[in-house]
Amino acid sequence: MTQSFSDWFYYMLNNTNKESMQIITTITYTIWFARNQKVFQHQDIPVQLALPRALKLLHEYHHNINDQRLEPKTSSHPSFASNDKSWSPPPRNCLKLNVDAHLQDDGHWGLGMVLRRDDGRCVGAATRVIKGSNDVGLAETAGLKEALNLIQAMELDEVIVEMDAAVIVNAIHNKIFPRNQWGLLARECSRAFDLNNKLSLKWVSREGNHAAHSLARWAFTEPNKWWSNYFPDCINHHIQKDMAFVT
């Protein structure tokens with residue numbers, strides 16, 4: 001029983017976990033922002049828009065903080081690509097599949113997947129749209145699951161799956177899965193890598209995953225689509241930049 005917001009906030013700060021406090025503080029900030037818009041700009045922000053915006057803000061924060069805090073100091077760990085600041089081609093006779101997720105204001109997640117050869121040429125690209133969730137980790141892991149489904153459907157063998165969600169990559173490599181929805185799904189994804197030693201998962205920074213990220217945003221324009229042997233126009237400028245690193 002609390003008598004004020006500050007008492008409640010202090011209680012939650014000392015009696016809940018870090019993930020819950022991130023959600024609480026982000027939503028609190030969004031309420032304060034909506035209040036200022038009403039008072040100073042005479043603009044109403046409905047709760048149906050405010051909550052998805054809060055979750056989107058938290059999603060972007062997780063991406064940025066993971067890039068800064070979880071970026072390795074050396075390139076010796078197999079979880080991470082040696083060139084993590086830009087897209088790098090896979091070894092010869094191997095494919096690389098980049099995947100990313102993006103939160104839309106209506107609460108749905110767009111997924112983008114880009115599959116390339118060692119010379120940078122396109123094998124295919126795909127979009128998916130799935131029902132939204134408050135759990136950023138679940139959306140990123142769902143993207144990984146869709147990537148594995150694509151690999152299985154195409155009967156591919158030697159593939160590097162690359163994503164910028166360091167928490168997911170570390171969980172699978174270290175075999176440490178949280179007891180939540182994304183942890184359960186990550187454990188399921190981990191089995192695919194255990195069953196095929198030619199299938200691997202690597203982390204790359206957002207800068208090295210721009211093509212998949214842009215395609216995830218585009219997923220709401222062309223949902224659940226497959227491009228075979230050519231890149232969608234919406235990511236061509238990212239592909240051209242990536243080709244600068246292909247020798």
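## Cores and aromatic pairs in a predicted model

The largest nonpolar core has 32 residues, and those with the most contacts inside it are L97, L144, V161, M163, I172, F193 and L201. A nonpolar core here is a set of buried Ala, Val, Leu, Ile, Met, Phe, Trp, Tyr and Cys residues joined through side-chain atoms within 4.5 Å. Buried means under 20% relative accessible area, exposed means over 50%, and partly exposed covers what lies in between (1.4 Å probe, protein chains only). In soluble globular proteins, nonpolar side chains tend to be buried together.

This is a predicted model, in which local features need pLDDT of at least 70 and side-chain atom pairs count only at pLDDT 80 or more, while totals for chains, interfaces and linings use all residues. Residues are numbered from 1 along each chain as its sequence is written, and side-chain values use heavy atoms, with hydrogens and water left out.

### The cores and the overall fold

The protein has eight helices and six strands, which follow one another from the N terminus as α-α-α-β-β-β-α-β-α-α-β-α-β-α. These elements are DSSP runs numbered from the N terminus, with helices (H or I) of at least four residues and strands (E) of at least two.

Returning to the core of 32 residues, the elements that give two or more residues to this core are β1 (95-103), β2 (109-116), β3 (122-130), α4 (136-153), β4 (159-163), α5 (166-174), α6 (181-195) and β5 (199-203). Its largest share, seven residues, comes from α4. Leaving aside residues up to four places away in sequence, L144 touches V99, V161, M163, I168, I172, C189, F193 and L201, where a contact means heavy atoms within 4.5 Å. Apart from this core lies another, of ten residues, which include V114, A211, L215 and W227.

For the protein as a whole, buried residues make up 45% of the 247 residues. Among contacts between residues at least 6 apart in sequence, 72% join residues at least 24 apart. D164 is found in the loop between β4 and α5, and D164 counts as buried because its relative accessibility is 0%. The C-alpha atoms of D164 and E207 are separated by 8.9 Å, although these residues are 43 residues apart along the chain.

### Aromatic rings

Rings of Phe, Tyr and Trp (its six-membered ring) pair if their centres lie within 6.5 Å; planes under 30 degrees apart count as stacked, over 60 as edge-to-face and the rest as tilted. By this rule the count comes to four aromatic pairs, and the table gives two pairs as examples.

| Pair | Centre to centre | Angle between planes | Class |
|---|---|---|---|
| F5 and W8 | 5.7 Å | 40° | tilted |
| F5 and F9 | 5.9 Å | 40° | tilted |

F5 and W8 both lie in helix α1 (residues 5-15), three residues apart, about one turn of the helix, and F5 and F9, also both in helix α1, are four residues apart, again about one turn. F5, W8 and F9 form one aromatic cluster. F5 is partly exposed, because its relative accessible area is 48%; W8 is partly exposed at 33%, and F9 is partly exposed at 22%.
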